[in-house]
Amino acid sequence: MDLKSFLKENNGFPENRRVRISPCFAEDGAEVLWEIRAVSEEEYRRAAEGKKDKWAALCLLSVVKPDLQDKELWESYGVDSGEKALKEMLYPGEYMRLLEEVKDINGFQQRRKAWKAQAKN
């Protein structure tokens, strides 16, 4: 095994994804897709430290568009944080759809599939 495969420049993090989250957001009659990204374990740990809702912290890190750190967005929803804006923007089912997409791009779904396969053996 070659160490070069493990160097940062060869990491192979997934590319950002554009996903359907909510038909409530449209532009010119077409649903606006959200953009999400994968995050590193260290980035997630720093962001989630001391937070009750670790999944919300992961969603905040992973969502690229819309920009959940934009204060204009917060003001629009009458909140003071990206987490609160996100929870005001989406219906519960939409939030769960976002969470599933975020889990998938960050490797949680692959782990679940592997655990299920192991349990069958």
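This is a predicted model: local features need pLDDT of at least 70, side-chain atom pairs count only at pLDDT 80 or more; totals for chains, interfaces and linings use all residues.
Trainee: Where is Ser-62 found? Is Ser-62 buried or exposed?

Mentor: Ser-62 is found in helix 2. Its relative accessible area is 0%. Buried means under 20%, so Ser-62 is buried.

Trainee: Let me step back. How do I read the overall layout?

Mentor: Count the elements, then follow their order. The protein has six helices and five strands. From the N terminus on, the order is β-β-β-β-α-α-β-α-α-α-α. Then look at contacts with a separation of 6 or more: 53% of them join residues 24 or more positions apart.

Trainee: What share of the residues is buried?

Mentor: Of the 121 residues in the protein, 31% are buried.

Trainee: How should I think about a nonpolar core?

Mentor: In soluble globular proteins, nonpolar side chains tend to be buried together. Here the largest nonpolar core has 25 residues. Those with the most contacts inside it are Trp-34, Ile-36, Cys-59, Leu-68, Leu-86, Leu-90 and Leu-98.

Trainee: Which elements supply at least two residues of this core?

Mentor: Strand 4 (34-36), helix 1, helix 2, helix 4 (82-89) and helix 5 (92-105) each do. Helix 2 gives the largest share, six residues.

Trainee: Which residues make the contact?

Mentor: Helix 1 uses Glu-43, Tyr-44, Ala-47 and Ala-48. Helix 2 uses Lys-54, Ala-57, Leu-58 and Leu-61. By class, the contact of helix 1 with helix 2 has six nonpolar residues, no polar ones and two charged ones.

Trainee: Now helix 2 and helix 5. At what angle do the axes cross?

Mentor: They cross at roughly 75°, and the axes come within 10 Å. Helix 2 and helix 5 are therefore roughly perpendicular to each other. Trp-55, Ala-56, Leu-58, Cys-59 and Ser-62 in helix 2 meet Tyr-95, Leu-98, Leu-99, Val-102 and Lys-103 in helix 5. The classes here are eight nonpolar, one polar and one charged.

Trainee: One more residue. Where is Leu-60, and is Leu-60 buried or exposed?

Mentor: Leu-60 is in helix 2. Its relative accessible area is 17%. The cut-off is under 20%, so Leu-60 counts as buried.

Trainee: What is Leu-60 in contact with?

Mentor: Again leave aside the neighbours within four places in sequence. Leu-60 is in contact with Leu-68, Gln-69, Gly-82 and Glu-83.

Trainee: How far apart are Leu-60 and Tyr-44?

Mentor: Check sequence and space separately. Leu-60 and Tyr-44 are 16 residues apart in sequence. In space they are 9.9 Å apart, C-alpha to C-alpha.

Key:
Residues are numbered from 1 along each chain as its sequence is written. Side-chain values use heavy atoms; hydrogens and water are left out. Contact means heavy atoms within 4.5 Å. Helices (H or I, at least four residues) and strands (E, at least two) are DSSP runs, numbered from the N terminus. Ala, Val, Leu, Ile, Met, Phe, Trp, Tyr, Cys and Pro count as nonpolar, Asp, Glu, Lys and Arg as charged, and the others, Gly among them, as polar. A nonpolar core is a set of buried Ala, Val, Leu, Ile, Met, Phe, Trp, Tyr and Cys residues joined through side-chain atoms within 4.5 Å. Buried means under 20% relative accessible area, exposed over 50%, partly exposed in between (1.4 Å probe, protein chains only). Axes are lines fitted to C-alpha atoms, for helices over the stretch in contact, and angles run from 0 to 180 degrees between N-to-C directions. Angles under 35 degrees count as roughly parallel, over 145 as roughly antiparallel, 65 to 115 as roughly perpendicular and the rest as oblique.
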